[in-house]
Structure formats: C-alpha cells, structure tokens
Amino acid sequence: MAPKKAVPKAAPKKVVATKAAAKKEAPKKQGDVSRFTARAKNFGIGQAVPYKRDISRFMRWPRFVTVQRKKRVLLRRLKTPPALNQFQKTLGRTTRTEVFKLLKQYKPETRAERRARVKAAAEQKSANPGKTVATKAPLQLSTGIQEVTRLVEREKAKFVVIANDVDPIELVLWLPALCRAHKVPYAIVKDKARLGELIGQKTAAVVALKAVRSENEKALKTITRACNAKFMARAAKLNKEWGKLQLSLRSRAAARKKVEKKKPTATI
C-alpha cells in the first residue's frame with residue numbers, strides 16, 4: 001500500500017483592519033467630543049444649501065409701505081406739540097368697543113334700502129290715500145367734516161367720533177377744540193378705516209350722532225360719561241402735554257455709554 005502524500009498546511013489568513021476597527025482601536029484624545037470633523041461650507045452656486053436668514057431688510061417693499069414706515073419712525077423721533085400729541089391719546093379698547101357697538105346701530109342706509117323704503121311708503125299711500133304715511137329717513141350717522149362742523153357749531157351733535165390717523169392731520173386738528181368750546185362730547189379712536197366701515201366707505205375722518213332711539217339713551221349716557229372723563233376733564237393737561245422724544249436703540253446705547261464714561265471710577 002502506497003504511503004499517503006503529506007498535504008501542506010494552508011498559511012494563516014491575514015486579517016485586514018477595517019476603518020471602523022481602526023477607529024475603535026485608536027485611542028481617544030483628551031478633549032474630543034465629536035467624531036465628526038468640522039469642514040467649512042461653500043455657499044456658492046451649486047454648492048451647499050445656505051441656512052435660513054432674515055432678509056426682510058433687503059427686500060424691495062412697495063413705495064406706500066416704505067413711506068408708512070418712515071413716517072412712523074419720524075413721528076417717534078420728533079417732539080410733537082400738544083395739538084398733535086392729543087391724537088395719540090386714543091380711547092381704550094373696552095370703551096371703544098361699546099362706542100362702535102352703538103354706532104353700528106345707526107349705520108346709514110344703502111341705496112337699495114332707501115329704494116325699498118320709499119317704494120313701500122308709496123305702496124301704502126296708493127293703497128290707502130287718506131292715511132298719513134311716514135316717509136322720514138331713520139336715524140343715522142352724520143358724516144363729513146363740513147356736516148359735522150355745522151352740527152357742532154349749532155350744538156345739535158350729541159356725540160362726535162374723530163379718527164386719530166387722518167392724513168393730513170390738519171383736516172381735524174381744530175375739531176377737538178371746537179367740541180370743547182361748544183361742550184359737545186367727543187372721542188378720538190383708532191382708526192379711520194374702522195369709521196369707514198360704519199358708513200360703508202373705505203375711510204372716514206369723523207362721524208357724529210344727532211340723536212338716538214329711546215332704548216339707546218342709557219348706553220349713550222354711559223359712553224359720554226367715560227369719554228368726558230378721558231378728554232373733556234383732561235383738556236387743560238392735554239393742551240400742555242408735548243409728545244415725548246423717543247430715541248432709537250442705537251442712540252440710546254450711545255447716550256448710555258457717554259453717561260458711563262463721565263462716571264468717576266472707584267480707586268482703591
């Protein structure tokens with residue numbers, strides 16, 4: 001029997017260390033917190049997506065928006081006289097809500113409503129010629145600076161409401177003084193757009209009530225008492241109170257630094 005040939009033993013396989021294993025085996029350095037390396041991002045065209053940022057200051061806003069904002073800032077920076085400053089002292093929210101709640105009940109009738117009222121009166125008259133038919137328009141708000149001025153001068157207005165943001169303000173600048181001279185209750189409210197809603201227009205500078213129905217007399221007395229305490233009773237103070245100068249954040253910081261520099265330093 002032939003002897004068996006010796007089979008050579010296979011050489012042991014070399015174990016290749018992978019990157020993960022190398023990382024595991026690598027000793028950690030002191031102070032290492034993250035395993036990721038920080039790399040600078042390139043925000044060029046076709047590169048990394050830029051992070052979100054506030055670009056409102058770099059936008060090209062419409063002209064009317066920029067004019068509104070510049071005017072608002074300018075009014076804050078200037079020291080305004082009492083005649084102008086009184087239009088910043090508007091009616092509070094609670095009383096203003098009650099005022100508009102009352103005024104909405106006397107909204108002027110539209111053309112369609114007036115046509116329907118006249119038509120109904122004509123039909124009643126034709127059906128019963130001997131009967132007296134009321135054709136008088138219902139109680140409603142008086143609008144327009146000229147109309148309201150006449151009512152105040154004749155002392156026929158029961159209550160006057162003035163918008164605080166009329167442009168130009170000279171249109172209604174003298175109206176509070178006129179109301180005080182004739183002892184007509186008035187109020188300054190925000191804003192002309194809300195007054196415009198009451199009369200079916202975009203804006204309104206001033207509205208007035210000539211009379212109210214019997215069920216609303218109590219509400220009118222309550223509102224008048226509150227508005228007189230806010231405006232009529234404080235007339236002497238409002239005529240002397242100037243609008244305060246409000247500096248920007250940058251100007252206030254600069255003024256604060258000047259004051260701190262002038263302070264004497266404590267020596268030990």
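Reader: I'd like to start with one residue. Which helix does R180 lie in?

Author: R180 sits in helix 7, which covers residues 175-181. Helices (H or I, at least four residues) and strands (E, at least two) are DSSP runs, numbered from the N terminus. Before going on, keep in mind that this is a predicted model, where local features need pLDDT of at least 70 and side-chain atom pairs count only at pLDDT 80 or more, while totals for chains, interfaces and linings use all residues. Residues are numbered from 1 along each chain as its sequence is written, and side-chain values use heavy atoms, with hydrogens and water left out.

Reader: Okay. Is R180 buried or exposed?

Author: Here's the general idea: buried means under 20% relative accessible area, exposed means over 50%, and partly exposed is in between (1.4 Å probe, protein chains only). R180 is buried, yet it has no salt bridge.

Reader: What counts as a salt bridge, and how far away is the nearest side chain of opposite charge to R180?

Author: A salt bridge is a side-chain nitrogen of Lys or Arg within 4 Å of a carboxyl oxygen of Asp or Glu. For charge, Lys and Arg count as positive and Asp and Glu as negative, with His and the chain ends not counted. For R180, the nearest side chain of opposite charge is E241, 11 Å away.

Reader: Then which residues does R180 touch?

Author: Contact means heavy atoms within 4.5 Å. Leaving aside residues up to four places away in sequence, R180 touches Q86, Y186, M232, A235 and N239. Two of these names link to elements we'll meet again: strand 3 covers 186-189, and helix 9 covers residues 217-232.

Reader: Let's zoom out. How many helices and strands are there?

Author: The chain has 11 helices and 4 strands. It is 268 residues in length, and 24% of them count as buried. If you take contacts between residues at least 6 apart in sequence, 80% of those join residues at least 24 apart.

Reader: In what order do the strands come in the sheet?

Author: Two strands pair if DSSP finds at least two bridges between them. Here the 4 strands make an open sheet in the order 1-4-2-3, with mixed pairing. Strand 1 (142-143) and strand 3 (186-189) are at the edges with a single partner strand each, so one side of each has no neighbour in the sheet.

Reader: How do I see the mixed pairing in the individual strand pairs?

Author: Go along the sheet. Strand 1 and strand 4 are antiparallel, over 2 bridges, and S142 has A208 as its bridge partner in strand 4. Strand 4 (residues 206-209) is also antiparallel to strand 2 (residues 159-163), over 4 bridges. In that pair, I162 is the bridge partner of V206, and V161 stands opposite V207. Strand 2 and strand 3, however, run parallel and are joined by 4 bridges; there I162 stands opposite I188.

Reader: Why is strand 2 largely enclosed by the rest of the structure?

Author: Count its residues: 5 of the 5 in strand 2 are buried, so the rest of the structure largely encloses it. Both its faces are covered, with F159, V161 and A163 buried on one side and V160 and I162 on the other. Strand 4 also has both faces covered: V206 and A208 are buried on one side, V207 and L209 on the other.

Reader: Which helix lies across strand 2 and strand 3?

Author: That's helix 9, which runs at about 75° to strand 3. Such angles run from 0 to 180 degrees between N-to-C directions, with axes being lines fitted to C-alpha atoms (for helices, over the stretch in contact).

Reader: Back to charges. How many salt bridges does the structure hold?

Author: There are 5. One of them joins E109 and R117, at 2.9 Å from N to O, and R117 is partly exposed at 23% relative accessibility. Another joins R150 and E147, whose closest N and O atoms are 3.5 Å apart. Those two are 3 residues apart in helix 6 (residues 145-153), about one helical turn. R150 is partly exposed at 34%, and E147 is partly exposed at 30%.

Reader: What about E215 and R213?

Author: They form a salt bridge too, with closest N and O atoms 3.2 Å apart. E215 is exposed at 54% relative accessibility, whereas R213 is partly exposed at 30%.
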